[in-house]
Amino acid sequence: MKFIFTVILSLGLLVNAQADEALKHAIASPDRTPAFVLRDKWRHPYETLTFFGIQQGSTVVELSPGGGWYTEILAPYLRGKGKLILAADDPDSPKAEAVKSIERLQAKLKASPQRFDMVLVRVFAPPAKLTYAEPGMADLVLTFRNAHNWMSGGDSGLRAVFDSAFRSLKPGGVFGVVEHRLPASRVQDATSSTGYVHQDYLIKMAMASGFKLAAASEINANPQDTADHLGGVWALPPGFANKDVDRLKYQSIGESDRMTLKFVKN
C-alpha cells in the first residue's frame with residue numbers, strides 16, 4: 001500500500017511539473033504580442049496563474065478579457081485539455097465602446113485559429129447579462145484589473161458580478177482577482193473613479209457573495225505607486241493618460257500597485 005501511494009504521489013508530481021512547463025512554454029511563446037510580453041515584469045503571469053492553482057485540464061472563465069493579454073497565455077495552455085470561456089462585451093450593447101471591444105477581440109481570435117479555435121466567447125454585461133457559464137461548471141473564474149469598473153453601480157453592481165462568479169464555480173473552485181490597490185489610509189469614492197480599490201473592501205464583498213479568502217499575495221505589488229496621481233491609475237504606464245505631463249515620473253514608478261486575491265467557493 002505504501003508503495004502504491006508513493007507511485008501515485010510521484011505521478012501527481014510529474015503531471016504538475018509537466019503542467020508548469022506547459023505554462024512556461026505558453027508564456028514564452030513567440031506568438032504573443034510583443035507589447036504584451038514587455039508587461040510581464042509587471043503582471044507576473046506565471047507566478048499569478050500558479051498562485052491561483054491553474055492546471056491544464058481546468059475549465060477557466062476569464063471575465064472582461066479586454067485586448068486578450070491573458071487570453072494569449074490561457075488559450076494555448078488550456079487548448080485540447082481544458083476549456084477557456086471568455087466572458088466578454090455584448091455585441092448588442094448600446095455602448096459603442098463595448099461593441100468595438102468585442103469586435104476587436106473576435107477579430108483577434110479569428111486571425112489565429114491555431115491558438116484560439118477552442119475558445120468559447122460568452123456575453124458579459126453586468127448587471128443584466130451575467131449568465132456566461134453553466135452553474136457549477138468552472139474550476140477557476142479569473143479577472144485582472146476589472147473590479148473597479150463594476151463599481152459604477154455601487155456595492156450592488158460589484159456584488160452582482162461576484163455572485164455570478166460564485167454560481168459559475170464548482171465547490172472548491174477558485175475566484176482569482178487582481179486589482180489596483182488603494183492604500184487603506186486613503187479615502188475611496190463609491191464608484192472608484194481613480195481605478196484604485198481598498199483591498200479590505202474587495203475581500204468584504206467577495207465574502208458577502210459566499211467566498212472564503214484562501215490567500216493573498218504580493219506577487220503584483222509595487223511599493224513605488226502612491227495611488228494619488230492626476231487622472232488616477234491611468235496616468236501610469238502603459239496608459240500615460242496625462243501624455244507628456246510628468247511622463248518620466250510615471251515611467252519611473254511603473255505599473256500600478258496590485259492586490260492578488262485567491263478566493264474559494266466552499
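User: Which residues line the largest cavity?

Analyst: On a 1 Å grid over the protein atoms alone, a cavity is a set of points where a 1.4 Å probe fits but cannot get out, and lining residues have an atom within 4 Å of a point. In this predicted model, R43, Y70, F144, R145, V178, N220 and R258 line the largest cavity. Its volume, the space filled by probe spheres set on grid points joined across faces, edges and corners, is about 40 Å³.

User: Of what classes is the lining of the largest cavity?

Analyst: Ala, Val, Leu, Ile, Met, Phe, Trp, Tyr, Cys and Pro count as nonpolar, Asp, Glu, Lys and Arg as charged, and the others, Gly among them, as polar. Here the lining has three nonpolar, one polar and three charged residues.

User: What volume does the largest pocket have?

Analyst: A pocket is an open set of points with protein on both sides within 12 Å along at least five of seven lines. The largest pocket has a volume of about 1500 Å³. Of its 49 lining residues, S64, D89, E97, N146 and N149 are the closest to its centre. Helix α6 gives the most to this lining, with seven residues. The lining of the largest pocket divides into 22 nonpolar, 15 polar and 12 charged residues.

User: Which residues of α8 are buried?

Analyst: Helices are DSSP runs (H or I, at least four residues) and strands likewise (E, at least two), numbered from the N terminus. Buried means under 20% relative accessible area, exposed over 50%, and partly exposed in between (1.4 Å probe, protein chains only). In α8, G154, G157, L158, A160, V161, F162, S164, A165 and S168 are buried. Among the elements that cover them are β4 (138-144) and α9 (199-208).

User: Why is Q251 classed as partly exposed?

Analyst: Q251, found in helix α10 (residues 247-253), is classed as partly exposed because its relative accessible area is 47%.

User: What pLDDT does the protein chain average?

Analyst: The predictor's confidence in each residue, from 0 to 100, is called pLDDT. The protein chain averages 94, and 93% of the residues score at least 70. Over residues 5-15, however, the pLDDT is below 50, and beyond near neighbours in sequence this stretch has zero contacts (heavy atoms within 4.5 Å) in the model. Where pLDDT is low, the predicted coordinates should not be read in detail.

User: Which conventions apply here?

Analyst: Residues are numbered from 1 along each chain as its sequence is written, and side-chain values use heavy atoms, with hydrogens and water left out. Local features need pLDDT of at least 70 and side-chain atom pairs count only at pLDDT 80 or more, while totals for chains, interfaces and linings use all residues.
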